[in-house]
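Here is a short briefing to read with the model open beside you. Let's walk through a few of its features together.

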Amino acid sequence: MLLPVWLVYVLVIGLGLAVGSYLNMALWRLRPDASAGLGRRSVCVHCGRPLAWYENIPLVSFGALRGRCRTCQGRIPWQYPLVELITAALFGLAAWHQLDWFSRFLSIGGLSGIAFWWWALQLWRDFFFIPLLFFIFVYDLQYQIILSGLVWAGAVAALVFNLILGSPSLSLTAYRLLLGTIIGGGFFLFQYLVSKGRWIGGGDVRLGVMMGALLGWPQIIVALFASYLLGSLTVLPLLALKKKHLRSEIPFGTFLVIGTLIALWWGSDLIYWYRGVVGF
Ligand SMILES: [Zn+2]
């Protein structure tokens, strides 16, 4: 390695905190009742005063200000440090996962030239999709809306990343991505059409397409399976406790995001393990 491993983690987690801070701003600016777009300076969510740079340092500022605005004393929502922490943790997890791959390469005689860049691009793909997916996760949880522009941009970016990554066997990669996209989109489109949009929304159909473009076949199956498993494990107890009834809006995109991350990092391992279990 060029850098000691601990320094890699410090840099990656620092990057994750900064990206998490940006995500908070994007979540605030793009909320359904806001007309403001991205690009303006961060403001207090209560009094609208622009924040100074030292009020905008991830985690540190929240702690130093004890969770309150300096002028209006309004509470800074807990969501802010939480989103920063989780983004940083996911970045750390991506690095850990990719370093694990890196060491597998080292054990078979090293990683040089084109292989290194291939590996680095995979890490950057993760760094691109973690904020995108986490944004969809929080936004769907808060507003039960999946922003379609974001999902289509994600689908195109996923295809570009994956076609470059899979360029040594381009036709196989294209086939896997096409099949993944058809299954991901088709699975939700079928339910959307059968239920006339009552079970799931159009946002879930588009997200299914993006998941397919990101994961490809057969990892898309892992994502769908994990999402439904997590979804039912969460929703069934709530139904039993009568906290929710079947007609209430369930932010399904939230579960799809978790399933996608599981499939992105452990999909191949899970498929390998499953094949061993069923002996095929
Ligand atoms: Zn304020």
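Helix α6 covers residues 170-194, and its 25 residues should span 36 Å at 1.5 Å a residue; its end C-alpha atoms lie 35 Å apart, so the two values agree. Please keep in mind that this is a predicted model.

**Helix α6 and what surrounds it**
- The buried residues in α6 are Arg176, Leu177, Gly180, Thr181, Ile183, Gly184, Gly185 and Phe188.
- Cover for these buried residues of α6 comes from elements including α5 (148-165), α7 and α8.
- After α6 comes Lys196, which has a positive phi, near 50°.

**The chain as a whole**
- Of the 280 residues in the protein chain, 29% are buried.
- Among contacts in the protein chain with a separation of 6 or more, 72% are between residues 24 or more positions apart.

**How α8 packs on α9**
- A pair of packed helices is described by the angle between their axes and the distance between the axes.
- Helix α8 (residues 219-240) and helix α9 (residues 252-278) have axes 7 Å apart, at an angle of about 130°.
- That angle makes α8 oblique to α9, and α8 passes α9 in a right-handed crossing.
- On the α8 side, the residues that meet α9 are Gln219, Val222, Ala223, Leu224, Ala226, Ser227, Leu230 and Gly231.
- On the α9 side, the residues that meet α8 include Phe252, Phe255, Leu256, Ile258, Gly259 and Thr260, and also among them are Ile262, Ala263, Gly267, Ser268, Leu270 and Ile271.
- Sorted by class, the contact of α8 with α9 has 13 nonpolar, seven polar and no charged residues.

**How α7 packs on α8**
- Helix α7 (residues 202-215) and α8 have axes that come within 8 Å and cross at roughly 135°.
- The two helices α7 and α8 are therefore oblique to each other, and α7 passes α8 in a right-handed crossing.
- Met211, Gly212 and Leu215 of α7 meet Gln219, Ile220 and Ala223 of α8.
- The contact of α7 with α8 has four nonpolar, two polar and no charged residues.

**How α7 packs on α9**
- The axes of α7 and α9 are 11 Å apart, and the helices pack at an angle of about 5°.
- This is why α7 and α9 are roughly parallel to each other.
- From α7, the contact with α9 involves Gly203, Asp204, Leu207, Met211, Leu214 and Leu215.
- Their partners in α9 are Phe252, Gly253, Leu256, Thr260, Ala263, Leu264 and Gly267.
- By class, the contact of α7 with α9 has eight nonpolar residues, four polar and one charged.

**A loop residue to look up: Gln73**
- You will find Gln73 in the loop between α2 (60-64) and α3 (79-107).
- Is Gln73 buried or exposed? Gln73 is exposed, because 9 other C-beta atoms lie within 10 Å and a residue counts as exposed at 12 or fewer.
- Gln73 and Cys47 are 26 residues apart along the chain, and their C-alpha atoms are separated by 9.3 Å.

How values were computed
Residues numbered from 1 in each chain as written. Predicted model: local features only at pLDDT ≥ 70, side-chain atom pairs only at ≥ 80, totals over all residues. Axes fitted to C-alpha atoms, helices over the stretch in contact; angles between N-to-C directions. Helix = DSSP H or I, 4+ residues; strand = E, 2+ residues; numbered from the N terminus. Parallel < 35°, antiparallel > 145°, perpendicular 65-115°, else oblique. Left-handed = near helix turned anticlockwise from the far one by under 90°. Contact = placed C-beta atoms within 7 Å. Nonpolar A, V, L, I, M, F, W, Y, C, P; charged D, E, K, R; others polar. Buried ≥ 20, exposed ≤ 12 C-beta atoms within 10 Å, placed from the backbone. Expected span 1.5 Å × (residues − 1).
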